[in-house]
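The sequence and coordinates are shown first, and the description follows.

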Amino acid sequence: MADRAFDTRRLPGATVLALACFVILYIPMVILVANSFNTGKVIGQWEGVSLHWYARALQNDAFLAAARTSLILASLAALIATITATMAALATTRSRGFRGEGTIHIVLNQPIMVPEIVLAIALLIIIAQIKQATGYTGLGYLVIAHSAFCIPFAYMPIRARLEGMDLTLETAAADLYAGRLYTFRKVTLPLLAPGILAGFMLAFVISLDDVVISDFLKSPGQDTLPTYLLGELRRNLTSEIYAISSLLLLISVLIVAGSWLLTRKKT
Amino acid sequence: MQRLTLTTALVTLALPAWAEGTLNIYNFGLYTPPDLIEKFEQTYGVDVTLTEYDSNETAMAKIEAGGHGFDIVVPSAAVVPIYIEKGLLLKSDPNQMENFANVDPAWVDVAWDAGRAYTVPWVWGTTGVMVNTDVYKGDINTTAIFLDPPEELKGKINVVPSMNDVIDMALWSVGGEACTTDKDMLKAARDKLVAAKPFWASIDYASFEKFINEDLQASVFWSGAAMRIRAENSGFAYGYPKEGFPLWQDNVAILADARNVENARLFLNFIMDPENAAMISNYTGYGNSITGSAAYMTADLLAAPEMTIPDSAAAAAHFQQTCPPEVQDLYTRIWTDLTK
Amino acid sequence: MDAETLAARADARRRWGLAAPAVAIITLFSILPLGVVLVYSFLAPGDFGNVRWQLSFEGWFSVLFERDIFDDTISLSDAHLTILGRSVALSLATTLITLVLGLPTAWFIATRPLHQRAFWLFLITIPFWTNLLVRTIAVQEMIRSEGVFNRLFLWLGLIDAPIQMMFTNFAVLVGMAYVFLPLMVLPVYSAIEKFDFRLAEAGYDLYASRAYCLRRVILPMVRPGIIAGSILVFVPSLGAYVTPRIMGGGKSMMLGNLIEMQFGQGRNWPLGAALSLTLTALVLAALIWYTRLTSGGRRNG
């Protein structure tokens with residue numbers, strides 16, 4: 001019997017199930033990537049290995065434009081969501097209770113209680129009126145709508161981090177007569193950073209994944225990658241879809257790898 | 001890095017969304033030839049943005065809500081009167097345009113837009129059944145393909161979620177009429193659909209590849225789509241159901257709140273040119289209504305059985321109608337019953 | 001008024017100020033639109049979509065009941081109840097499957113040595129970061145008629161003809177479980193990771209039994225993660241639209257698809273609005289239930 005109380009032997013099936021889980025997650029993606037190298041036009045009819053469909057995708061203006069829109073939209077929405085969610089998390093944690101705390105909490109969690117399709121319909125009605133009234137049809141609507149439903153996702157990990165944080169250091173800093181802002185910058189923020197990063201990542205992913213709301217709200221030429229892919233998927237399932245999907249996968253790998261390197265340097 | 005993203009984003013946001021020389025087209029998916037757009041862009045120096053939709057209903061919901069930003073839409077004949085009645089279309093008088101003389105007279109005085117004050121023909125086609133004849137050797141010119149399927153096709157059939165087409169076809173198969181108010185007929189049609197549903201694999205805008213790969217062996221489908229599939233898998237053939245099948249035309253119109261009206265007019269005139277109309281047909285596999293365009297069509301297209309309704313089937317063709325709202329409501333309820 | 005009350009008020013003001021931007025964005029772009037949906041659910045449908053400004057309860061009535069299309073007798077709406085039941089059942093099943101796979105996975109990662117943990121977490125983060133549609137396409141390739149499983153089974157001689165798995169409830173379930181799995185792993189992991197294993201060691205040193213330790217020390221610590229994960233999976237499952245649309249092929253509709261249909265082909269916006277609020281209410285009920293569940297165990301910590 002191990003004398004360390006918590007090695008994994010305590011949950012005997014865990015390792016097997018966990019490894020099964022990784023296999024389940026990866027096999028479909030590996031097959032997807034393999035298919036993208038198929039020269040043949042039709043999925044499933046193997047005609048040799050080539051980069052043909054990648055070349056096609058990278059010359060496809062519609063795909064490139066959608067990629068650009070998605071990246072800008074997700075970055076901006078996640079940025080706004082993370083900043084406002086961090087402020088909100090600071091407001092709602094470590095208090096002895098204040099008037100309206102419950103209200104704030106409910107408001108901040110409201111978007112995750114509303115299914116995407118509901119929000120999409122509702123926003124379409126309202127934003128259509130605003131578009132008509134102002135004449136502005138830019139990406140701003142999507143950015144702010146995405147920010148709204150991303151806030152709870154950014155808020156959750158930040159708040160969790162704050163709640164789990166040790167107060168000692170901050171109290172110590174305050175005892176040393178450090179200003180509130182100084183304490184925040186030098187003590188709270190660094191401790192909170194992993195939570196903020198997690199919140200930003202989560203918000204980014206949620207924004208990037210959205211199909212329905214973007215599809216309902218987009219103005220002409222504002223196709224995002226998911227709305228573009230969905231359109232392609234409906235009737236045109238060539239291997240180019242697999243190439244585009246594989247490129248997206250590659251981008252995901254690169255971003256995750258990048259963020260790992262970044263966080264590991266800091267800790 | 002973050003600052004860079006932010007700057008890029010701000011620049012994008014600040015860009016005027018309506019630069020000069022743009023045109024926003026809203027059309028069904030896989031329905032607009034890329035080479036046509038390219039030619040139009042080069043001829044007039046206009047930047048075209050194409051957005052696609054999957055059904056008339058989707059398009060109308062988005063347009064009616066307002067603030068959509070589109071200049072051109074391509075409604076089916078059956079919904080054109082609704083667009084006009086709701087004031088969604090601009091009376092652009094295409095009949096005054098230079099190329100209008102090319103429009104086949106048979107397609108000018110149409111019920112949905114008499115004399116063509118609002119719309120220009122895009123393409124016309126039929127909705128029928130498409131079957132893999134390697135799998136099923138029997139008669140394919142019948143709605144029984146999906147309403148009373150043969151053993152070989154059971155579980156391999158797709159039905160396009162084109163609500164009116166499907167219910168119309170079921171009505172004809174039980175001896176009724178499209179948009180009927182006869183509840184016994186509607187009930188019989190519904191019962192027939194509900195009884196057939198267990199034999200269908202999907203009710204979907206199935207991608208062409210599902211048929212080419214033979215994941216699916218039959219479908220209620222559009223003639224042009226069937227032709228494009230046959231080009232990749234010669235086993236497939238298109239049937240004209242003798243019980244009745246819809247004939248339709250989609251039409252190009254300028255929206256009442258279009259911001260690039262002049263460019264939109266240029267486009268309407270542009271597609272009435274025989275060579276350009278032929279490009280549309282070559283790409284979509286449907287017939288256009290422009291005289292002289294046959295000269296520019298591919299030989300495959302001209303010979304395609306999907307393009308020409310055989311004389312034996314002509315009597316069964318019914319032009320798609322606009323149902324009154326109360327009938328449309330019944331259609332919807334039958335459809336919900338079917339797709340639940 | 002004493003100084004303490006004044007300080008408390010100043011604190012509340014400061015906190016409200018901090019929360020204001022987030023609260024404002026959500027109020028304007030999520031709560032207010034929902035109010036519009038509420039209003040629309042009490043209006044009459046327009047002839048071809050949109051609404052007529054006329055008070056009507058028909059939308060709400062149609063959520064559960066239907067007048068027979070042909071003889072106007074009122075009965076429970078079989079179609080809507082089927083879809084409602086399927087949505088709830090499939091979402092619960094999805095949550096359960098992801099929990100069964102996700103909890104051990106999170107545990108496994110959290111108990112790796114620190115330098116290995118990053119690698120495993122990296123492996124979970126990639127699918128998590130990969131677009132939902134891409135993953136739906138990937139899982140579709142597995143189970144379609146000419147897909148990986150059917151070919152494998154044919155090759156192994158287990159079956160004679162491809163099994164039709166696409167466009168069934170099973171396909172929707174497989175799709176959702178696959179797509180939402182990483183959403184379960186990450187919050188559970190972060191709960192376990194935060195867990196101070198010295199506490200359990202302390203428990204052990206005090207001769208607490210393994211089961212007692214698991215129940216009284218570990219579970220309360222991990223529970224918030226499980227709950228967060230379950231919410232993150234259950235809520236989007238219930239409102240799922242894209243995955244059931246692709247995997248269900250229009251034959252296995254979920255609530256999200258039914259709602260979308262009312263705003264498109266169905267042309268019954270008030271019914272769509274009422275269904276939307278019904279869906280929202282279901283989600284809310286689940287959340288309240290979860291909250292009840294958690295508040296019992298956490299207080300004694």
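Two residues are in contact if their C-beta atoms, placed from the backbone, lie within 7 Å.

## Basis of the description

This is a predicted model, in which local features need pLDDT of at least 70 and side-chain atom pairs count only at pLDDT 80 or more, while totals for chains, interfaces and linings use all residues. Residues are numbered from 1 along each chain as its sequence is written, and chains are lettered from A and ligands numbered from 1 in the order in which they are written.

## Where chain C touches chain A

In chain C, 72 residues are in contact with 78 residues of chain A. Helix H1 (residues 3-41) of chain C supplies 20 residues, the largest share of the side of chain C that touches chain A. By class, that side holds 51 nonpolar, 13 polar and eight charged residues. Here Ala, Val, Leu, Ile, Met, Phe, Trp, Tyr, Cys and Pro count as nonpolar, Asp, Glu, Lys and Arg as charged, and the others, Gly among them, as polar.

## Chain C as a whole

Chain C has 12 helices and four strands; these are DSSP runs, with at least four residues (H or I) for a helix and at least two (E) for a strand, numbered from the N terminus. The C-alpha trace of chain C spans about 80 × 75 × 30 Å along its principal axes.

Of the 301 residues in chain C, 50% are buried, a term that requires 20 or more other C-beta atoms within 10 Å of the residue's own, with C-beta atoms placed from the backbone. Among contacts in chain C between residues at least 6 apart in sequence, 67% join residues at least 24 apart.

## Two helix pairs

Two packed helices are described by the angle between their axes and the distance between the axes. Axes are lines fitted to C-alpha atoms, for helices over the stretch in contact, and angles run from 0 to 180 degrees between N-to-C directions.

In chain C, helix H3 (residues 78-110) and helix H7 (residues 169-194) pack at an angle of about 40°, with their axes 6 Å apart. The contact of H3(C) with H7(C) comprises 21 nonpolar, five polar and two charged residues.

In chain A, the axes of helix H4 (residues 101-113) and helix H6 (residues 140-164) come within 8 Å and cross at roughly 110°. A:Leu108, A:Asn109, A:Pro111 and A:Ile112 in H4(A) meet A:Ala148, A:Phe149, A:Ile151, A:Pro152 and A:Tyr155 in H6(A). This contact has eight nonpolar, one polar and no charged residues.

Definitions and conventions: Buried ≥ 20, exposed ≤ 12 C-beta atoms within 10 Å, placed from the backbone.
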